[in-house]
Amino acid sequence: MIIYFKLANFKSINNEVILNFNTASIGEHATSNVIDNGKKTLLKSILLYGHNASGKSKILQGLVFMRWFVIKSATERQANEEIDTEPFELLDSSSKKPSLFEVSFFIGKKRYRYGFEVDKERVHREWLLEARIKKEYPVFLRIGQDIEIDGKRFENAEGLEKRTRKNALFISVASQWNVEKAEQINEWFESIYTVHGLTDKKYRKFTIELLKNKKFTGLINSFIRKADLGINRVDIADIPIKLEDVITKVPEELKATFKEKFEDRSQTVIFTIHDKYNDKGEVIDKIPFLLDESESEGTKKYFNLIGLFVDAINNGKLVIIDEFDARLHTLLSKTILKLFNSEKIKKTAQLLVASHDTALLDRKLLRRDQIYFIEKDKIGATKVTSLVEFSVRKDTPYHRNYLEGRYGAIPFVGDLENLLADE
């Protein structure tokens, strides 16, 4: 479980911003929407709201970059290759400083705090601390290329300092060399699902795998039926693709190379099964359609993400989605939030999303500490405010107050009509 994420001097973020999954001392949704692991009570989901270009996506990108750098910096960075980070450029002093990333999380019952500071050239600082009761103990501390290791807490890591390049993370190197604790932390970062709401097709494979597994076929089809998409069930078929089927489409000069590299394979085709009716409204048959050719973009997105949601909830993973509500009806978006917030589900899955759908700002659905407003200050830097920080009456309609500007984080759009008005 994630406890908090801290980010500073990254793209549109200048000063530190924190997304805090620790619950606030409030009364609403006391048994739902939260996870109690006996040590802390954490939120199951957080929603980010703000106008276009406020920095919502940049905050999520910060966590996505951190995940990628932990997993890949030791294996996909060459010695002098630049690090793909970007400081806040609108303030001269910030543009010369490193970016900061820090996350606190549980692996089982153990609580860790891990972070680093980097610019395009090097890792300036890196740290891993392990908590025992209320006190934190350093596992390792790094300043530049000087790395101090607690040998008891980070066994078999001694000597790996010399193998750590200036543009690679020590935790990533240690994981590559089978240091157990580093591997566990690497696996925690790998388990995070990162989704952009407009490019979700790559996650379709999870839904297909579950459909092929007889234990989950019925569950996936129940997800489809309950979404009221007009679909009875989904079927899949693997269609073989052979060399002779495609070689005629390859330019003559490339055919020899293509033949060497081509392997017979199969393509999974997805069918959605619909009812066919007579004039009396009675079902008389079942008609198959191709998902990608006949169904709406929203239906395809929902199908693509079902397997990811099932896996995340069953295995207690964090899901990050930008443009969460893109192509999804409000009621379907609410249903997904209810799924993650449900008190009937005792797993530890968590959801972090950015949204523009104000209908989700519903006190019956969310606690105040689950709602963050994102906006920019006078120098164009992103700042973050939780709804908990506002004085809100118990009967306040969150969505109406937000649209009226009482929480900030809304655009002040100028009059566009006069730009194109006839004289």
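**Chat about helix H11 and the cores**

Biologist: What covers the buried residues of H11?

Modeller: Keep in mind that this is a predicted model. The cover over the buried residues of H11 includes strand S5 (45-49), helix H10 (297-315), strand S15 (318-322) and strand S16 (350-355).

Biologist: OK, and which residues in H11 are buried?

Modeller: Leu-332, Ser-333, Lys-334, Ile-336, Leu-337, Phe-340 and Asn-341 are buried there.

Biologist: How far does H11 reach from its first C-alpha to its last?

Modeller: H11 runs over residues 330-341, so to speak 12 residues, and reaches 16 Å, close to the 16 Å expected at 1.5 Å a residue.

Biologist: Switching to the cores. How many residues does the largest nonpolar core have?

Modeller: That core has 55 residues. Tyr-114, Phe-116, Phe-154, Ile-171, Phe-189 and Leu-352 are the ones with the most contacts inside it.

Biologist: Which helix gives the most to this core?

Modeller: Helix H1, residues 56-72, with eight residues. Apart from this core lies another one of 46 residues, and Ile-336 and Leu-337 are among its members, as are Phe-223 and Val-353. Ile-336 and Leu-337 are also on the list of buried residues in H11.

Biologist: Back to Leu-352. What does Leu-352 touch?

Modeller: Leaving out residues up to four places away in sequence, Leu-352 touches Leu-19, Phe-21, Ile-46, Leu-48, Leu-60, Leu-63, Leu-318, Val-319, Ile-320 and Ile-321.

Biologist: Now the other end of the sequence. Where does Ile-3 lie, and why does Ile-3 count as buried?

Modeller: Ile-3 lies in strand S1, residues 2-8. Ile-3 counts as buried because its relative accessibility is 2%, and buried means under 20%.

Biologist: And what does Ile-3 touch?

Modeller: Among its contacts beyond four places in sequence are Leu-19, Phe-21, Lys-40, Leu-42, Phe-105 and Arg-111. Ile-3 and Phe-21 are 18 residues apart in sequence, with their C-alphas 5.0 Å apart in space.

Biologist: Zooming out, how many helices and strands are in the protein chain?

Modeller: There are 13 helices and 18 strands. The C-alpha trace spans about 75 × 65 × 60 Å along its principal axes, and buried residues make up 48% of the 423 residues.

Biologist: What about the surface and the charges?

Modeller: The protein chain exposes about 22400 Å², with carbon and sulfur atoms supplying 49% of it. On charges, the chain has 69 positive and 64 negative side chains, and the centres of the two sets lie 6 Å apart.

Note on methods:
Residues numbered from 1 in each chain as written. Predicted model: local features only at pLDDT ≥ 70, side-chain atom pairs only at ≥ 80, totals over all residues. Heavy atoms only, no water. Helix = DSSP H or I, 4+ residues; strand = E, 2+ residues; numbered from the N terminus. Expected span 1.5 Å × (residues − 1). Buried < 20%, exposed > 50% of the residue type's maximum accessible area, 1.4 Å probe, protein only. Contact = heavy atoms within 4.5 Å. Core = buried A, V, L, I, M, F, W, Y, C linked by side-chain atoms within 4.5 Å. Areas by Shrake-Rupley, 256 points an atom, 1.4 Å probe, with all protein chains shown as cover. Lys, Arg positive; Asp, Glu negative; His and termini not counted. Charge placed at Lys NZ, Arg CZ, Asp CG, Glu CD.
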